[in-house]
Amino acid sequence: MLPDVLIANFGYLLRGAVVTVGLAAATIVPSAVIGMLLALAKVFGGITVRAIVDVYLYVIRGVPLLVLLFFMYYALPYSGIDVPPLFGGVLVMSLYFGAFMAEIFRAAILSLPRAQWDAARSLGMRRRLMFRIVIYPQVFRLAAPPFVNTCILLVKSTSLVSIISLWELTLAGREVAERTFAPLQIFGGVAIIYFVLCYALSRYGLYLEERMRFAH
Amino acid sequence: MPTELTAHERPMVELRRVSMSFGRHRVLNDVSLTVSRGEMVAIIGPSGSGKTTLLRCINFLEEYDGGEVLVDGETVGFRLEAGRRIRRTEREIAATRSNIGIVFQSYNLFPHMTVLRNITAAPIRVKGVSPEEAEARARALLSRIGLLEKADELPVKLSGGQQQRVAIARALAMQPKVMLFDEVTSALDPELVGEVLAVMKSLADDGMTMVVVTHEMQFAREIANRIVFMDEGAIVEEGDPKRLFSAPTTERLRAFLKRYRESYLLS
């Protein structure tokens with residue numbers, strides 16, 4: 001039922017998909033860490049720290065990811081800084097998605113009832129312990145659905161790095177399409193693979209949401 | 001420091017001219033109060049009179065601006081050095097709090113932990129009690145409040161009254177010197193109030209030192225050793241419950257009790 005040209009090249013595309021998943025995974029972890037650090041800085045930082053974080057968030061949110069990638073790939077080498085594309089790509093995407101994760105974690109931290117902090121403190125918990133056993137577990141649960149949502153965006157955005165010559169699913173598709181003169185079938189196949197990846201993620205998000213539902 | 005007093009005579013809680021403002025609003029105005037060992041003091045008064053703030057100063061959830069708070073002879077939150085107030089370290093403040101139990105109006109159980117873990121977490125992680133002992137203690141407390149069979153449930157599965165009893169058990173598991181209660185029945189459906197008050201009464205009978213902010217006048221009158229009436233950030237009148245309710249000496253307390261009785265009759 002799939003066109004022969006797609007079946008013949010499916011293995012190649014799947015190898016691209018594996019790289020895409022790897023890129024996404026390599027980006028999700030640092031962007032979550034960056035997001036949490038920025039969120040903590042915004043909630044608990046002094047006025048200077050908050051201002052710096054705000055500037056960062058506005059800049060990142062106001063500039064397209066593709067432009068940031070171009071900046072890293074074309075502009076930085078000009079000024080003598082040479083970033084390897086794979087490292088640079090992951091770095092730029094982490095900084096970019098970190099800004100969005102920051103908002104997610106910040107909202108989650110702020111939506112924890114004040115009373116939870118009071119309860120933890122009143123039991124003699126010090127800051128580190130309170131965060132570890134009371135605050136973070138609840139923040140992660142509250143943040144899980146929008147976090148997964150952002151991960152879906154992130155998976156799709158990895159296709160942009162094909163433009164800075166990082167080989168992954170989209171670039172694999174372009175190569176095959178140019179070689180076979182069958183862009184319709186090939187990009188159709190590429191689209192289906194992206195869709196399956198993202199659909200699996202969003203089902204997982206729904207599952208998390210179901211499982212972690214509890215009232216305050 | 002009243003070092004000449006023996007540990008037994010020393011008051012459990014002592015507030016000396018405590019004052020506190022939120023912005024320009026003065027919530028506590030030079031409040032002084034002494035609570036003896038084993039005493040149960042009920043604080044009553046209209047909303048906004050500073051009762052809850054006063055209670056939260058005792059375990060330093062509110063950082064009072066002036067005066068001194070002592071629990072078992074130790075100053076809470078600040079220490080005085082050559083007449084200057086110096087904020088204690090986070091470690092010292094946490095250590096002080098671990099000896100003071102508080103129960104809140106909104107229960108504030110940790111929703112992601114089972115009932116048992118709610119009770120054992122702080123004794124294990126803060127006081128270094130062994131997990132086995134903490135669990136044994138928690139089960140004993142749960143059976144005392146009649147909720148042993150709920151040990152492995154999440155709080156959300158419990159009624160408000162049950163959650164509040166667990167919150168009391170959680171505070172007791174730290175073996176506190178004093179227990180603070182902040183309008184603990186105000187969020188409960190009327191039919192659930194009794195079970196929580198019963199637990200508090202049994203605590204008082206056991207000789208626990210208790211400071212109870214409450215709207216339950218009947219309860220305060222029957223259980224408290226002393227009633228403190230607050231209004232506009234100050235203690236207006238205090239004394240023996242029966243005397244205070246039957247023969248208030250201040251106009252403000254008379255007015256408060258009258259309003260209370262009227263609303264009680266209407267409801």
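Select Arg243(B) to begin: in this predicted model, Arg243(B) is partly exposed, with a relative accessible area of 32%, where partly exposed covers values between buried, under 20% relative accessible area, and exposed, over 50%, with a 1.4 Å probe and protein chains only. Glu237(B) is buried, its relative accessible area being 5%.

Next, select Asp118(A), Arg121(A), Arg56(B) and Glu62(B), which are joined into one network by salt bridges that share partners. Over all chains, the count comes to 30 salt bridges.

Move on to Arg226(B) and Glu238(B), which form a salt bridge with the closest N and O atoms 2.6 Å apart. This pair links distant parts of the chain, since Arg226(B) is in strand 11 (residues 226-231) and Glu238(B) in strand 12 (residues 234-239) of chain B, 12 residues apart; helices (H or I, at least four residues) and strands (E, at least two) are DSSP runs, numbered from the N terminus. Arg226(B) is buried at 15% relative accessible area, whereas Glu238(B) is partly exposed at 33% relative accessibility.

Now select Arg252(B) together with Asp231(B), whose side chains meet in a salt bridge of 3.4 Å, N to O. Because Arg252(B) lies in helix 9 (residues 251-266) of chain B and Asp231(B) in strand 11 of chain B, the pair ties together parts that are 21 residues apart in sequence. Arg252(B) counts as partly exposed at 39% relative accessibility, while Asp231(B) is buried with a relative accessible area of 14%.

Finally, select the whole of chain B, which has 9 helices and 12 strands and whose C-alpha atoms fill a box of roughly 55 × 50 × 40 Å along the principal axes. Of its 267 residues, 54% are buried. Among the contacts in chain B with a separation of 6 or more (contact meaning heavy atoms within 4.5 Å), 63% are between residues 24 or more positions apart.

For orientation in the viewer, residues are numbered from 1 along each chain as its sequence is written, and chains are lettered from A and ligands numbered from 1 in the order in which they are written. Local features need pLDDT of at least 70, side-chain atom pairs count only at pLDDT 80 or more, and totals for chains, interfaces and linings use all residues, while side-chain values use heavy atoms, with hydrogens and water left out.

Technical notes: A salt bridge is a side-chain nitrogen of Lys or Arg within 4 Å of a carboxyl oxygen of Asp or Glu.
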